[in-house]
Amino acid sequence: MTQTGNQLKLDKLSPRQLMSLDACTRCGECQKWCPIYTLNSEEDVTPRAKIKYLKKMLKGESNGLFGLFGRKPGPEAVARFTKSLYECSCCNQCHFVCPARLDTVDLWENTREAMYEAGMGPLPEQKTYCENLKRDGNPFKKEQAHKADWVETGLAKGTLTEKPELLTDNLAPVLLFLGCTASYDEKINMVSQHAANIMNHAGVRFGILGPEENCCYGKLRRIGDPEFREKAAGNIDQINHLGIETLVTACSGCYKTFKNDYARIGKQNYQIYHLAEYIDLLHRQGKIRFEIPLEGTITYHDPCLLGRHNGIYDAPRRIIDAIPGLELVEMDRSRQYSRCCGVGGGLKMANHDLQEEASVYRIKEAEATGAELLTTPCPTCYSGLAGGLAKAKSPLKMYHLAELAARSMGIN
């Protein structure tokens, strides 16, 4: 995998990103806040160390930014840099605490793409993940025909109040884009049912794509697979041709991919909402009401891709505040300082044990609030935190935010 004879392509990094490497003062602020450094205390994983290694890598390239006089990095240096670059959840915390406000996540993701094309990355498990995702169209290695199985399951159990229409059969202004986790994962696909029930209850004219819903392929971008652009362009074209006005996605990863990454590739002819935003909007418009009390103290986990990456902090909290009986208590690290659960950025594939440690750490922070309940609006965070709950044998009860909304509406 590590081929030191290959060269990093500098065109993957913008001139601004290349200049920003010298803006790092090595002050160590990122080290204090990095969720991965907290767990393993290895300097290599810190943003300042990654920048130091990246500069050394570039200095060693004959066509690099720093001229013709550097030596090529040896296999050990490349291996250390690769490990540090990919054992990172790209949570974006370093950006918010950096005095120079370096745009670290874009830097990591662009560097990963350069590493991928140079044959220096990603880690083997991540490479296999990308290959499987491109082959199967989803990370669960399941057939596309089964992506809407949650519909029949919900109808049979009585947990889905009405069968959603396929947009390909009956055009509607709103597309409910569930994403792979909320579609395929049997432990989490209740999120899809809650979302559909809420929208039906509100009288929203919406549809789903079912087997025609492709993966957003955001993980390809996170890991650096250059085929992401082609996959993204195909999705943009497909959804634009639907003629929808609004896309609502239940997944924070899908939301970032549509909102941030696709916007750089092509024009999207529709508004994009995360499900938490959309539920909050329906409530503020008076289309839904939270009337049934749900008693208890609750704490909220800000998903990185929803919070730090896209600034959505208030909408989920307004939903919690509007549900009678719930008392919100914040964790010490919340909003832009929320600690990552570790699932994002390809870390789970690179080092599952490290990801699980990150989730357990976050569970302990939730327990420290004295809350009885924990909620998050992200299916992926929900999955990671559920593993942390089990590992820590925590007494906390966790609910997806859409389930709390649905329960208070008297739907489920």
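Residue N235 is found in helix α13, which spans residues 228-240; helices here are DSSP runs of type H or I with at least four residues, strands are E runs of at least two, and both are numbered from the N terminus. The model is a predicted one, in which local features need pLDDT of at least 70 and side-chain atom pairs count only at pLDDT 80 or more, while totals for chains, interfaces and linings use all residues. Residues are numbered from 1 along each chain as its sequence is written, and side-chain values use heavy atoms, with hydrogens and water left out.

N235 counts as buried at 3% relative accessibility. Buried means under 20% relative accessible area, exposed means over 50%, and partly exposed lies in between, with a 1.4 Å probe and protein chains only. Not counting residues up to four places away in sequence, N235 touches N214, C215, C216, Y217 and Y262, where contact means heavy atoms within 4.5 Å. The side chains of N235 and N214 are joined by a polar contact of 3.0 Å. A polar contact is a pair of N or O atoms within 3.5 Å; within protein, one must be able to donate a hydrogen and the other to accept it, and residues adjacent in sequence count only if both atoms are side-chain atoms.

The cysteines come next. A disulfide is a covalent bond between the sulfur atoms of two cysteines. The criterion used here is a pair of cysteine sulfur atoms within 2.5 Å, and the structure holds zero disulfides. The sulfur of C130 is too far for a bond, because the closest cysteine sulfur, in C215, is 10 Å away. For C216, which is in no disulfide, the nearest cysteine sulfur is that of C254, 3.8 Å away. C130 is buried, with a relative accessible area of 0%, and C216 is buried at 7%.

Charged side chains form another set of links. The whole structure contains 32 salt bridges, each a side-chain nitrogen of Lys or Arg within 4 Å of a carboxyl oxygen of Asp or Glu. One of them joins K12 and E117, at 3.3 Å from N to O. K12 lies in the segment before α1 (15-20) and E117 in helix α7 (residues 104-118), so this pair ties together parts that are 105 residues apart in sequence. K12 is buried, at 19%, whereas E117 is partly exposed, at 32%.

A further salt bridge joins K32 and E29, at 3.4 Å from N to O. Both residues lie in helix α2 (residues 29-33), three residues apart, about one turn of the helix.
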